[in-house]
Amino acid sequence: MGLQIALQRQPRLVGIAMFVVSVIAATALVGISEVYRLQKAQVEAANVANDYARVLQQNIERSLSATYALAALVQQGNGRITNFDRIARQMLPFYPGATLMLLPDGVVRNSYPLRGNESAIGHDVFKDPARSKEAFLAKETGKLTLAGPFDLKQGGVGAVARFPVFLDGAQGQRSFWGFTTVLLRFPQTLDPARLASLEALGFNYELWRIHPDSGRKQI
């Protein structure tokens, strides 16, 4: 009798065991599926971020190249650019979000557009503790430097690219003329990269760097 009872209960236990195993297996499959889904989403986000970062970098580099074009004009005019406003107005559509400036002897003398940058006229970057480091570095190395992002004297946030210009003297010696400069305002400089469209795709984003002086993250 006891044997019969045991035999009758065994199929029921087996059924329960199979149910438990199936639940565990289903849970494991769901867990694995979720891991794959997260991994796929991370890869997709990384690819999108790389694409937008590449576009952003190309736009910024194109804007920085304006310093070379202005430098060539300064050298061609032996230290002068006649009709700077007209020339800068024609150049600006190729450098979205940029402001073009001339700084003979390191002092801002010309800016296009001028509106919104009036307070920068007459500013001596060599005498500004917050700006002089990169200015002296550009003059000493003869290379383009990029400073910022930081708070601008004329308001807002921006980065400044300075290219040192040297002129050849009558005796063949080179003399420092000053800087051709491109001011990149944020967030206007980012507009051509259409970063706002990331939100429409369901992504959150931030742009940041490690500040060279503080060592802290700057967004």
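Start with the strand pairing. E4 and E5 run antiparallel, and twelve bridges join them. Keep in mind that this is a predicted model. Within that pair, Ala 161 stands opposite Val 182 in E5. The hairpin of E4 and E5 has five residues between the strands. Look for Gly 172 there: its phi is positive, near 90 degrees.

Now the other partner. Strand E3, residues 145–151, is joined to E4 by five bridges, again antiparallel. Here Ala 147 stands opposite Val 160 in E4. This hairpin also has five residues between the strands, and Gly 155 takes a positive phi near 100 degrees.

So is E4 mostly covered or mostly open? Mostly covered. Ten of its twelve residues are buried.

Next, the cores. The largest nonpolar core has 25 residues. Which of them touch the most other members? Ile 81, Phe 84, Met 91, Leu 100 and Val 165. Helices H1 (2–64), H2 (66–76) and H3 (84–91) each give two or more residues to this core. So do strands E1 (98–104), E4 (157–168) and E5 (174–186).

There is a second, separate core, with 16 residues. Among its members are Met 101, Val 125, Ala 147 and Val 160.

Last stop, Leu 100. Leaving out residues up to four places away in sequence, its contacts include Leu 70, Phe 84, Met 91, Tyr 112 and Val 182. Val 182 is the residue opposite Ala 161.

Note on methods: Residues numbered from 1 in each chain as written. Predicted model: local features only at pLDDT ≥ 70, side-chain atom pairs only at ≥ 80, totals over all residues. Heavy atoms only, no water. Core = buried A, V, L, I, M, F, W, Y, C linked by side-chain atoms within 4.5 Å. Buried < 20%, exposed > 50% of the residue type's maximum accessible area, 1.4 Å probe, protein only. Helix = DSSP H or I, 4+ residues; strand = E, 2+ residues; numbered from the N terminus. Contact = heavy atoms within 4.5 Å. Pairing = 2+ DSSP bridges.
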